[in-house]
Amino acid sequence: TGVLLTDVRPVGPTGGAAVAEEALEGPGFSPAVRRLAREHGVDLALVRGTGLGGRVSRDDVLGHIESRAGQRAATATPQSDEESLPLSPTRRLIAQHMARSAREIPHAWTLMEADVTGLVALRQTLKEEFSRREAVDLTYLPFFLRAVAKALAEHPRFNASWGGERIILKRRRHIGIAVAAPDGLVVPVVHDADRTPFVQLARKCRDLTERARAGKLALQDVQGGSFTLNNTGALGSIVSVPIINHPQAAILTTEAIQRRPVVVAEQIAIRSVMNLCLSFDHRIADGAEAAAFLRDVKARLESLTPGFNPWAEGAAA
């Protein structure tokens, strides 16, 4: 048989409705229990009694109140403390790509220090003339790109990808340069970086970086990369552990150049020093090969001096 409900008062704003008096008048409820239930809006029919014959005691009601408060605290999320940001298409793609790389590639990491005092002096010597002749600010990026491109020609395992039952070596060196754009990280590609003269490298770096930040890259600008270079030093970083740009074999970060005391010829000298950080696919290369590749990049950067002529034919990367 059905029951006609004559009391249909709405529940309170937190779901803890005022308890109808009839619900407090059941058999076996003491005055103290009924009073406590009334004060805290407890429906005694929901309280498990532990007394004789299932009688509900005052402690049972208190335990029910504490349990209810704990559940509410666990599920409550103050809106003032959190904000939900929808994913942009670029951020969603980055998330998927990075998760795939971390999931599928066994990353290994190594670091090497380079003394780039000569490079700092070279850039200082060249930057005004370079800006005047080329209408391009001379940054460190084309020097880094040149050194990496040359080193990749000597260490092809880092210009490769994993092919399941084989290692696929890339014959052309297309180096992606990571750029922090407004919508997220993008990696435009300098194609055939090892065949590009230094002045053209500087122009390409400037062009790709500006168009990446303006959201004007074409599809071909981001395709075909075989290795990635990220100049994290421009952001002030001194050490980083980058995630490989899947399906490539490695990624190199060039960190901030710092003035530090260094022992040179048994004497302490102030030098310009930077870290080179390499993440690589351990299926494709081992630590000894990674160290050899980094030593090559380091040696090429350390060999740069104010005598380097970016307009000479020999300056081709």
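A bit of housekeeping. This is a predicted model, so local features need pLDDT of at least 70 and side-chain atom pairs count only at pLDDT 80 or more, while totals for chains, interfaces and linings use all residues. Residues are numbered from 1 along each chain as its sequence is written, and side-chain values use heavy atoms, with hydrogens and water left out.

Okay, the inside. By nonpolar core I mean buried Ala, Val, Leu, Ile, Met, Phe, Trp, Tyr and Cys residues joined through side-chain atoms within 4.5 Å. Buried is under 20% relative accessible area, exposed is over 50%, and partly exposed is in between, using a 1.4 Å probe and protein chains only. The largest core here has 48 residues, and Phe158, Phe227 and Leu278 have the most contacts inside it. Helix α5, residues 141–154, gives the most to this core, with nine residues. Helices are DSSP runs of H or I, at least four residues, and strands are runs of E, at least two, numbered from the N terminus. Apart from that core lies another, of 10 residues, including Leu36 and Val42.

Take Leu278. Leaving out residues up to four places away in sequence, Leu278 touches, among others, Trp109, Phe158, Phe227 and Phe293; contact means heavy atoms within 4.5 Å.

Now, Trp109 sits in strand β1, residues 107–115. Is Trp109 buried, exposed or partly exposed? Partly exposed, at 37% relative accessibility.

On to charges. The structure holds 14 salt bridges, each a Lys or Arg side-chain nitrogen within 4 Å of an Asp or Glu carboxyl oxygen. In one of them, Asp115 pairs with Arg271, with the closest N and O atoms 2.8 Å apart. Asp115 is in strand β1 and Arg271 in strand β11, residues 267–281, so the pair ties together parts 156 residues apart in sequence.

Helix α7, residues 287–302, holds both Arg300 and Asp296, four residues apart, about one turn. Their side chains meet in a salt bridge at 2.6 Å, N to O. Arg300 is partly exposed at 24%, whereas Asp296 counts as buried at 15%.
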